[in-house]
Structure formats: structure tokens, C-alpha cells
Amino acid sequence: MEQIPPMLPVLPIRNAVIFPTVSMPLVVGRQRSLQAIQAAEESNSLVLVVTQKVLIPGDPVADDLYRVGTVCKIESTTDTDAGSRQIVVTGIARYRIAEFFSGDQQGSKRYLQARGEIVGDTVSENGVRSQALLNNLKSLAREILELLPGTTEPLIKLIDRVDDAAYLSNVCAAYLNLNLSQKQGLLEMVEVENRIETLLSAMKKEREVLNLQHEIRDKMAERLNKAQREALLREQLRTIRTELGEEENGEAADELLERIEKAGLPEEPYKQAQEELKRLRSLPPASAEYHVIRTYLEWLASMPWQVSTRDQIDLPRARAILDEDHYGLETVKKRILQFLAVAKLKNDLHGPILCLVGPPGVGKTSLGHSIARTLGRKYIRASLGGVRDESEIRGHRRTYVGAMPGRIIQSLKRAGSRNPLMMLDEIDKLRSDFHGDPSSAMLEVLDPEQNHAFIDHYLDVPFDLSDVFFVATANVIDTIPAPLRDRMEMIELTGYTSIEKLQIAKKHLLPKEITAHGLAPHQILLPDETLLRLITHYTREAGVRELERKIAALLRAAAEEIVMRSGAEPIASTEVDPSAPLIFPRIPEPVRLTVDQLTRILGPDRYVPEKAERAMKPGVSTGLAWTPHGGDLIFLEATRMPGRGTLTLTGQLGDVMKESAQIALSVARSSPFLISNATRNFDFATQDLHIHVPAGAIPKDGPSAGVAIFVALVSLLLDRPVKEGLAMTGEITLRGAVLPVGGIKEKVLAAHRAELDTLILPKRNEPDLDDVPADVRNQLKFVFVDSIEAVLESVFALRSSRLQKVETTGELSTPGSEHPPGAVA
């Protein structure tokens, strides 16, 4: 101590702390450090070893060094081939630095020097407590040595002989596995008791880590396969890092961090991602939670938080695209163009959510694709048919095994854009059960006031859906819950007429199927009369899906014929009868598909026009019905038999339709006009009436068959048939009024398909004919009625005294307002 001069050369070191009484080898390579070693050797071989605070390239300055170091004696030096020197130093005493000196920067003394004072150890006067701490330190050191691999017996005996608490604390601090700041803290701690207490805390953790290592080594002695061995090693690494407070910086975490930074997450999702990344770094890859967190972060990184497309609103171009993709549907196209026009003026597509309602096969889904084309947006379809679990919409919470986001978030990820056109297909098929009500979850999705912060249960962070253009499709409106229906604007698509189907087949279906079957347009001739026959006698639908399948069947037969003509062997040549006549005669190309060949290819006609199918007899009338698949015809059959005056209803009728039958019978029995003309000689007390609606396997309901039931009963009572080609619809009341009904367009189209010629409709439904195509109106005769007297006049040419009286006064010329074909108000 007496030889320590007031000014000492400073040797900065990195990643290490030297304690008094402890020897350590060092490699000195920096020029200033070599000068400091040389200066120390020229005097008394004493040097002040100080630890750097941070790792920096080049020589440190005074502010880069701690203020407490260790005076060391240079025991030996060795020069190396690389120009550095390897030395061994032994710590002598702690040294608190008062001031640094940089020396002569131009001369030979460029090394740092320091002036300060020796800091001695402070020992407590409580000898009993000091001895107890020393004993605990020796005991812990002994336990740790016993857990270390190799021969540690000599070291254990040496520790048993040590009675100097300061010396033992310095040795333990030097060799204990601590980080740099912890070791520097122990060096600056001059109170021996405090130093020992700090060491005991750190050594207990080290002992626990070594115990875990010992247990792991014992388990590794067992026979393990490769996968088990890797998992064990990872568990060991995780335990060590957890005990030391270190974190793992794996390549996977770094890659995810880079993807998250590029994705541009908003503040809240970004904060959540950082927390999950921190957890991921502390977990081994073999952990089940590791894969859960990684999958979650991959979902966050892959969502289109900032990716969007630019809208291209051009009305002429939009009209051209809609006309190119769809024939007809003028009302729907007009509404879509109006919507786009408003969006262009507002420079904002936020508006009502469209719901396309119509029977299957009329082009609802493909319309959504066309709208996406007009806007230049990406198109994504989410099928909601049969969804009965709320989690299918909102996603599953990550606590469940196999959890994943809901269909909305999944669709956005597939689209790769935050503002796609999302087609919510079959929204009327949502169902609810004990899993929840998915339609309730859709309320938030489709509400512009809420969907800017939609929270999926899996992501658990808000995602902005306000830029998504939602278009829903449905077959019926009734099954859509009222709150959900209130959030959408309904656009109805009705069925196609035969002429429209013909044009669709020529412009869309036939070219598509020719390409799908590997044919060329010049190889096939399909005349209009063949297509019309196909439409009227082989299909009966509002859309064109069945028509497309029939066209495909014709083209398959044509393809077979073309291959056989070219001399190629058919696939199953052994099953072909060589003597069988070819479907198509052997004439030069192209193949002509005529009406006569339909029966040989597709079989006999599947549908016969209704007026030709049934011979009208007394007690039979033809009604018009609306179905989810479009309009249709129904037949009402009535008969009588001896009995007790009961009324029997069959045909799987609903309650409303049964009530309509009761009302029709009551009106027939109570009407003075009918009493005087039809029911006067009919004894209702001794006659039973039976009303049947064929197709008994199909449920039927609604009030619109009231007029048809009434006419069937009157036809039975009068024993007069209803003329062929006549159909009717309308609700009747007990006072004999005819009320309006819905689905007029679909019902008129159904009558047109069935080749009927006259329709009786409620007078208040007359404005609804504006929605019927002009070519259909021109081929039908419409009679509008508002009372049963007008119905009887139109059907049976019966006139009541009231009508005759009105007619003579000139106030009313006819019981029903008739429009000849093509003349529609």
C-alpha cells in the first residue's frame, strides 16, 4: 500500500471487473493501453484497472469509465505475434478516482492517468453477525462447488480454511456468473456485510440454476430420442435465461418484428404486437404457447392495415361492364349506377349496404364481381350459408386450441386490401343455436357507426372496416332478422323471361361452355328454336343454372360426335355398339344441334306447359304463387260428396291458406248473388266439400290464393269449368273485396313461361306491372278486379243485379278493368 503513488496509469478493460486479491489474465492491444503497461513496468509495475461502461471502438475517454477501479500489480507480460501483449495482474486494493488526466496527446504519454484514494473494506463491529454471514457464504460456495462438474474437492478444502470475510467475498464476486453492472456494484460496495448479503442473494439463484442443471443432466442419462433431447435442452436454456433475466433474440422474432414494422400497424395493435413479441422471445420453440403466440403475430403482420386500392368511378365504363357481364336487370343496374354517381360526387363510397335479393341463378353473386370491376377494387366472397356459430363471424379467443379469426378477418387477409368489395353470400341462411347468434355479430360488421373499430375475438385489437364495400345476397327477406335487415338497402332481382334467357344463353352461357368443353365456336351451331325449346320444355326456373347444365349436356354429346368423326377412338370403345346410329348424321362440320335431337340427347320433355298439361274441369282453377325460386303455378281442386257439411283441406297448407279457404266458402255461402245463381239448390248441411292443392309434399301458405279457391268452389257449384289459359291471384275478404298481393312480377313471368294468355289480378296491383318486361306484357291479357262480382263476371260471365244496375246508369261499364295484350296502364 505504501508503494502506491499518487498518480497511476489507467488500463481500461471491457467485459470484466477485477477484484482485490484476485489474479486475471488480460490481452492488451490498444496503443494507449500498451503505453500505460510500459509506464507501469518502468516504475513499480502498478496499474489502475478500470472497467468501461459501454463497449465502444477505439480508446475510451474519462466519461466512458467507472469511477471505482482496482489497483493491480503486473505479475507477468508476454508479447504476441499480433503486436498485443498478454499480461497477468493481481488486484491489490479498491481505488476511488477523483480525477482523470489525458497526458501528452502529442508525445509518448498519451495514456490516461488518474488521481484518487485507496478505499479499504469496512467491517461491522457486530462480530457474531459477521461470522454468521461468513459461514453462510462458505456454505453456499461449498454447495455450488459440489454441483459443478469436475474435481472441486481441493477448492472446497481451501474455502473451509478461509476466515477472512473480505477476501472470500472478493473471490466469490470475481468468479460468480454475474453481469457487468452487478459486478461493478460489488466492487464499489466497501461494507463487507452488505457485499456478502448481495452475494448470498445472487449465489442462491446460481445454486437453483445449478440444481436444475443437475436434474436435467440426470434425466439426460436416460435413453431419449432426438426430439426429446432437443426439447430438454431448450427447456434448460429457457430456465437459465429466466433465472438470469436474459431474453432470447431469435431469428423468428426478428423476422416477425420486421414484418410488423412494414405492415404499419396502428398504435393499439402495434403495442399489443410488441408485448407478444417480448413474450415470444422468452419462450423456447418447443413450447406450445410459443406456436400460439407466433401464429397470432403472423396474423397481425399479414393483415392489410395500410394496403388499399384506388377507386375508379367512371359511369360510362361501369355501365359497359355491367352490360357486358349481365343481360337485362335494368332496374338493378340503374340503382348501382345511381349509387356510384353519388359516391363520385361525395368522393366517398361510404353509404348504404346493398343486399341483392332474388331466386337462385339470377346473377346476384356475379353482380358483386362486376361492381368490384367497375370500382377497380379487389373482390372477396364470404359464404354465410349455414353459419350458426357467432365465432364464425367474430373469431375464437386464443385460449382455445385451434383458435382462428372469423370469416370477416380471414376474407380481408385473403383479399390483401383494407377496402375490397366483400360479397356476403347467402346472408339469409344465417342460423342461431346454443353457440350464439351470428346475425347479432353481423350487426356490428354492417353498422357504419361501429365497424370502424371492429374487434375480432382472435386478434383482440380494433380493425377498421369502414372502407370495405359490403354487398350481401339473399334468396328471401323474411328470414333476415329485422335489425340486420334495417342496416341494408334491398335490391330485388326477379326471374328472367324466356326471351331474356335466350339472350343470356347466346351471349354468355354458350360461349362459356364451348370453351369449357374444348370446342371452337365454328364447330357448333345451336339455333334459337333449339334454345327456346330447351328453355321451355327442359327447364323451369327463375335463373339459368339448369339451362347451363342442359347446354353442357348438349355440348358433351357434340364433342363425342366430333371426336368420333375425326377417327379418334372413344375412351370406352369396347362399350360402343358399332351398329348403333350416331346421334348426329355424318355431315361436314359444324355440328348442328336441332330440336329433333333434344329428345335423343336429353330424353323426353321434362316440363309441359301447364295449360296443355291439365284439362280444365268443374271445380278446378289455376292460381299464381310466389316462391324463393321465382313464380309458379298452382292448381286448386274442389269436389263434393254426401256427408255432414264439413270442409276438408289437403296439400300441406299453412294456417293462412286454410283461413283463405274458409273465407272463400263463407263468401260463397253468404253472397246473395251466388245464392240466387249457384248455391240455391245446394244443401251445404248434407254435402261435404274437399279442397286439395296438388304437390302435397311441398308446404304452401299465404293469402294470395283466396281468389283461386273461391273460383274453384264456384266452378264446382255451377258445374262449369274455368276456361283454359286463365290464372288468377288475390286475397279476398268476408265482404267480397279483392285485396292486393305481392310478387306480381314473378307471378306474371311464371304465367308467361306456362304459355297462359289471361291473368286476373287485384286492381290495386295494376302499378306493379311497370316492373314486368314489355315483351311479356304484350303477350298477356290482364283483368283487374276489386270484388268477387268482378271476378265472377270475368270468369263465368255472371252479372249481379248491382252490376247491371250500375251499368245502365253509365257509372260503371264493366265489372273488371280489362287490358288487352300490350295495353297496360
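## Gln-182 in helix H5

Gln-182 has its place in helix H5, which spans residues 180-188; helices (H or I, at least four residues) and strands (E, at least two) are DSSP runs, numbered from the N terminus. The model is a predicted one, in which local features need pLDDT of at least 70 and side-chain atom pairs count only at pLDDT 80 or more, while totals for chains, interfaces and linings use all residues. Residues are numbered from 1 along each chain as its sequence is written, and side-chain values use heavy atoms, with hydrogens and water left out.

Is Gln-182 buried, exposed or partly exposed? Gln-182 is partly exposed, because its relative accessible area is 41%, where buried means under 20%, exposed over 50% and partly exposed in between (1.4 Å probe, protein chains only). Gln-182 stands 17 residues from Leu-199 in sequence, and the two are 9.9 Å apart in space, C-alpha to C-alpha.

## The chain as a whole

The chain has 29 helices and 25 strands, and buried residues make up 48% of its 825 residues. Of the contacts in the chain with a separation of 6 or more, 72% are between residues 24 or more positions apart, a contact being heavy atoms within 4.5 Å.

## Helix H18 and its kink

Helix H18 (residues 498-516) has a kink of about 50° centred on Ala-505; the bend at a residue is the angle between axes fitted to the seven residues ending there and the seven starting there. Ala-505 is itself buried, and the other buried residues of H18 include Leu-502, Ile-504, Leu-509 and Leu-510, together with Glu-500 and Lys-501.

The cover over the buried residues of H18 includes strand E14 (524-525), helix H19 (528-537), helix H20 (545-565) and helix H26 (744-753). After H18 comes Gly-518, whose phi is positive, near 70°.

## Pocket and cavities

The second largest pocket holds about 600 Å³ of space. It is lined by 23 residues, of which His-326, Gly-363, Ser-366, Leu-509 and Val-544 are the closest to its centre. H18 gives the most to this lining, with four residues, and the lining of the second largest pocket divides into seven nonpolar, seven polar and nine charged residues. Here Ala, Val, Leu, Ile, Met, Phe, Trp, Tyr, Cys and Pro count as nonpolar, Asp, Glu, Lys and Arg as charged, and the others, Gly among them, as polar. On a 1 Å grid over the protein atoms alone, a pocket is an open set of points with protein on both sides within 12 Å along at least five of seven lines, whereas a cavity is a set of points where a 1.4 Å probe fits but cannot get out, and lining residues have an atom within 4 Å of a point.

There are also three cavities of 30 Å³ or more, and the largest cavity has a volume of about 140 Å³, a volume being the space filled by probe spheres set on the points, which are joined across faces, edges and corners. The largest cavity is lined by 12 residues, with Thr-539, Arg-540, Ala-750, Arg-753 and Ala-754 nearest its centre. H19, strand E17 (630-642) and H26 each give two or more residues to this lining.

## Gln-597 in helix H21

Gln-597 lies in helix H21 (residues 596-602) and counts as buried because its relative accessibility is 9%. The side chain of Gln-597 reaches the backbone nitrogen of Thr-594 at 3.0 Å.

Technical notes. A polar contact is a pair of N or O atoms within 3.5 Å; within protein, one must be able to donate a hydrogen and the other to accept it, and residues adjacent in sequence count only if both atoms are side-chain atoms.
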